[in-house]
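Hello,

Here is the structure for you to look over. My notes follow below it.

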Amino acid sequence: MGQLDLLWEYQNLDLTLDKYEKMRKNSPLRNKLIELKNYLVQQQENLVKLNEEAEKKNHILNRINHEYEDILKAFKSDVDKVEGGRVRSVKQLEEMQKAAVELKEKLAKKEEEVKGLLKDIQNLSGKLEEIRIRMVKAKKEYSDIKAEYDSEVSTIQKEYEEVKQQKSELKSKLDPELIKRYNRLKKSRGIAVVMVEQSCCGGCNMSLAALVIERLKKGDDIIECENCGRILYWGNKADGDAKSAV
Ligand SMILES: [Zn+2]
């Protein structure tokens, strides 16, 4: 088997490996996993944000509760003074009544604030609960799909390793310079070695000179297409001129 035949086979294995890579990357299961992962990250961020918000509200609630207690104490101490007969003048009593009205107003205002905050906190904890439930569901879905994906990958992986092994065996039989040339062409042209089809380059379709065809039929010369630069391969043509099967 000549170098060109080997190179042709090498390319087949190489393209098969590319196909496996592509299959792995384009797997619908893999895409679904990426989607779910992004979703979970986003929900986790939401959870942290809402938790912080709830904590802040709780903090404010505590502060207002303390303020409420202080006002209540002041109010009670005034009431005690009146009930204890410690208020001597009518003027003092009037002042205290006025103060009591103000304190009551303050208490009512604080009560309103507390009510509002409690409502906010309840809303937040409702939202947090919803997110937690959604996340548990998504995590379950993720692990189910992951298991399915892993088994899909292990099947592909087994075939992949076999082809890779064949490729590396073939590589040891090829001229390293030819491999380099192949890799360069693959990078720039996508396909490095092309079959000659009806006297035309199988890559760019330009018709090849009769002399080139003759050389290709005859030997193992590495001839590139003048137009696209790909390595031309005569292959196993049925006209009797071809070399042995790959
Ligand atoms: Zn060409």
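Helices are DSSP runs of H or I with at least four residues, numbered from the N terminus. The expected span of a helix is 1.5 Å times one less than its number of residues.

This is a predicted model: local features need pLDDT of at least 70, side-chain atom pairs count only at pLDDT 80 or more, and totals for chains, interfaces and linings use all residues. Residues are numbered from 1 along each chain as its sequence is written.

Confidence comes next. pLDDT is the predictor's confidence in each residue, from 0 to 100. The protein averages 91, and 96% of the residues score at least 70. Residues 239–246 stay under 50. The model has 13 contacts for them beyond four places in sequence (C-beta atoms, placed from the backbone, within 7 Å). Where pLDDT is low, the predicted coordinates should not be read in detail.

Now the helices. α4 covers residues 176–189. Its 14 residues should span 20 Å at 1.5 Å a residue, and its end C-alpha atoms are 20 Å apart, which agrees. Just after α4, G190 has a positive phi of about 85°.

α2 has 56 residues and reaches 80 Å from first C-alpha to last, close to the expected 82 Å.

How do α2 and α3 cross, and at what angle? The axes of α2 (residues 28–83) and α3 (residues 90–171) come within 7 Å and cross at roughly 160° (lines fitted to C-alpha atoms over the stretch in contact; angles run from 0 to 180 degrees between N-to-C directions). That makes the two helices roughly antiparallel (over 145 degrees).

Best wishes

Note on methods:
Contact = placed C-beta atoms within 7 Å. Parallel < 35°, antiparallel > 145°, perpendicular 65-115°, else oblique.
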